[in-house]
Amino acid sequence: MSERELAHQVKSNLWFTPVLYVLFSMILLSVTLNGDLNYGMGNKMISYFAVDYELTLSLLSVLTAATLTITIFTFNLVLVVFTTFSGQFSPRILKNFISSKATQRVLGIFTGSFIYVLLSLFFLNKRITEYYFAVPITATFLAIFSMATFIFFINHAVAWLQVNQLTDDMKKEALGIVKGTLKDELDSYKVKDFNDTDADIRNGKGLQIKAGTPGYIQLVDFISMIEEAKKDDIMMRFEHTIGSYVFESTPLLTYWKKHEMKIDEDKYLAFFSVRKKQTEVQDIEFSINKLVEVAIRALGNYDPKTATTAIYQVSEVLVSISLVTDFSNYLADDENNLRLLLQKRDFNHYLYNGLGYIRHYAKDNVIVSTDILKALDLMAKSLNPRDYQSVWDFAIHTALGFENLFLFEQDSQQFYLALYNLATTTNNQKDYEKFLKKM
């Protein structure tokens with residue numbers, strides 16, 4: 001497992017942060033017990049804040065039960081949130097709630113506090129000292145802090161159930177993948193003009209490297225692969241993209257070589273991570289799809305406002321994709337020699353995967369379809385001009401399905417006004433007039 005995969009696994013698991021808080025609570029326990037049992041802090045503070053053994057025992061007993069109760073109640077609340085998310089939005093967005101730092105820290109505070117008071121109760125010793133100070137004071141402050149944290153968590157859960165917060169977090173996740181994968185990782189290797197001296201070699205039949213393991217392609221180490229391809233002096237072609245499902249016998253790579261030296265194919269397989277489930281580490285389409293599912297579920301639940309919110313969040317991600325990449329599928333080494341040929345992905349592909357599915361489920365909803373056109377117009381005002389035609393073609397295909405579906409005159413006016421605004425933004429006024437004549 002690569003460092004990137006490990007970081008994603010740690011972030012998306014609910015146990016890691018609570019374990020860290022438990023370790024911290026045990027360190028805190030050792031410090032406070034040492035102060036009371038070995039240094040007699042209770043005897044030194046006897047006239048101020050010292051607490052005798054019986055009161056300390058009672059206090060810790062009450063706090064142990066109370067902390068355990070509030071921890072269990074919090075876990076129940078998490079399960080309620082999970083159930084709501086799965087039913088109302090999508091089961092694939094549960095990881096977003098788990099990955100939230102607030103969720104993990106709250107559970108860590110509760111778990112750590114419980115472990116502290118429980119072990120403190122276990123290590124109390126009346127024969128060593130009659131009075132305690134550090135342990136009961138620390139336990140009391142932890143109880144107060146846990147109660148404040150519980151109030152915060154209630155507010156956090158309620159905020160997460162709000163659509164705007166939910167979709168905004170998923171949008172930020174998608175934007176992070178766009179920046180991390182499409183821009184920071186690949187842009188420095190993408191080229192349009194390169195030393196294509198091996199075109200005649202690629203016309204022949206290449207050698208294939210098969211997956212060997214069934215599952216989804218989660219992660220690919222492009223940089224290391226290009227460096228190794230340079231050392232072996234070969235050119236490779238991706239047969240699938242990140243997020244694709246492959247079988248054991250599915251070819252992952254096809255490579256061509258100019259020499260007779262044997263290539264270690266296993267080292268190239270090691271640059272792939274093929275697992276049983278999709279993740280958002282490099283898969284921008286999977287991240288966008290979660291927003292799409294929110295919109296589709298909202299349409300099925302007769303919640304057009306939520307659908308519209310998701311549409312605009314998807315549109316913002318599409319704008320980012322348009323601005324940060326040139327959609328070149330050629331990756332070259334530092335000597336400008338072609339080393340890796342990716343599957344072709346242009347803006348049309350991302351646009352269809354982002355808004356195409358929503359358009360399909362909104363085909364009988366004029367108002368939501370009008371919102372799609374408005375979102376396209378808003379996108380076009382920020383897009384790379386290279387992608388204007390893609391947006392306009394998508395809008396025309398959307399409009400073609402509404403010839404006889406307008407129930408009211410206002411529906412028609414708003415729909416064609418949105419289409420006209422988009423035509424103006426993308427400089428397609430003539431095509432707009434031709435479209436009106438056909439209608």
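1. On a 1 Å grid over the protein atoms alone, a cavity is a set of points where a 1.4 Å probe fits but cannot get out, and its lining residues are those with an atom within 4 Å of a point. The model discussed here is predicted, so local features need pLDDT of at least 70 and side-chain atom pairs count only at pLDDT 80 or more, while totals for chains, interfaces and linings use all residues. Residues are numbered from 1 along each chain as its sequence is written, and side-chain values use heavy atoms, with hydrogens and water left out.

2. Over the whole structure, the search returns three cavities of 30 Å³ or more. The largest cavity has a volume of about 350 Å³, where grid points are joined across faces, edges and corners and a volume is the space filled by probe spheres set on the points. Its lining comprises 21 residues, and Leu182, Leu186, Leu342, Arg345 and Tyr350 lie nearest the centre.

3. The lining of the largest cavity divides into nine nonpolar, eight polar and four charged residues; here Ala, Val, Leu, Ile, Met, Phe, Trp, Tyr, Cys and Pro count as nonpolar, Asp, Glu, Lys and Arg as charged, and the others, Gly among them, as polar. Helices α8 (163–185) and α12 each supply at least two residues of this lining, helices being DSSP runs (H or I, at least four residues) numbered from the N terminus.

4. Helix α12 (residues 284–300) packs against helix α13 (residues 304–324) at an angle of about 160 degrees, with the axes 7 Å apart; axes are lines fitted to C-alpha atoms over the stretch in contact, and angles run from 0 to 180 degrees between N-to-C directions. The two helices α12 and α13 are therefore roughly antiparallel, a term for angles over 145 degrees, whereas angles under 35 degrees count as roughly parallel. In their contact (heavy atoms within 4.5 Å), Ile288, Leu291 and Val292 are among the α12 residues, and Ala310, Val314 and Val317 are among those of α13. This contact holds 13 nonpolar, two polar and no charged residues.

5. The pairing of α12 with helix α14 (residues 347–361) has an angle of about 15 degrees and axes 9 Å apart, which means that α12 is roughly parallel to α14. The α12 side of the contact includes Ile284, Glu285 and Ile288, and the α14 side includes His349, Tyr350 and Tyr357. By class, the contact of α12 with α14 has 10 nonpolar, three polar and one charged residues.

6. Helix α14 also packs with helix α16 (residues 388–399), at an angle of about 25 degrees and with axes 10 Å apart, so α14 is roughly parallel to α16. Phe347, Leu351 and Arg359 are among the α14 residues in this contact, with Val391, Phe394 and His397 among those of α16. The contact of α14 with α16 divides into six nonpolar, five polar and one charged residues.

Note on methods: Angles under 35 degrees count as roughly parallel, over 145 as roughly antiparallel, 65 to 115 as roughly perpendicular and the rest as oblique. On a 1 Å grid over the protein atoms alone, a cavity is a set of points where a 1.4 Å probe fits but cannot get out, and a pocket is an open set with protein on both sides within 12 Å along at least five of seven lines; lining residues have an atom within 4 Å of a point.
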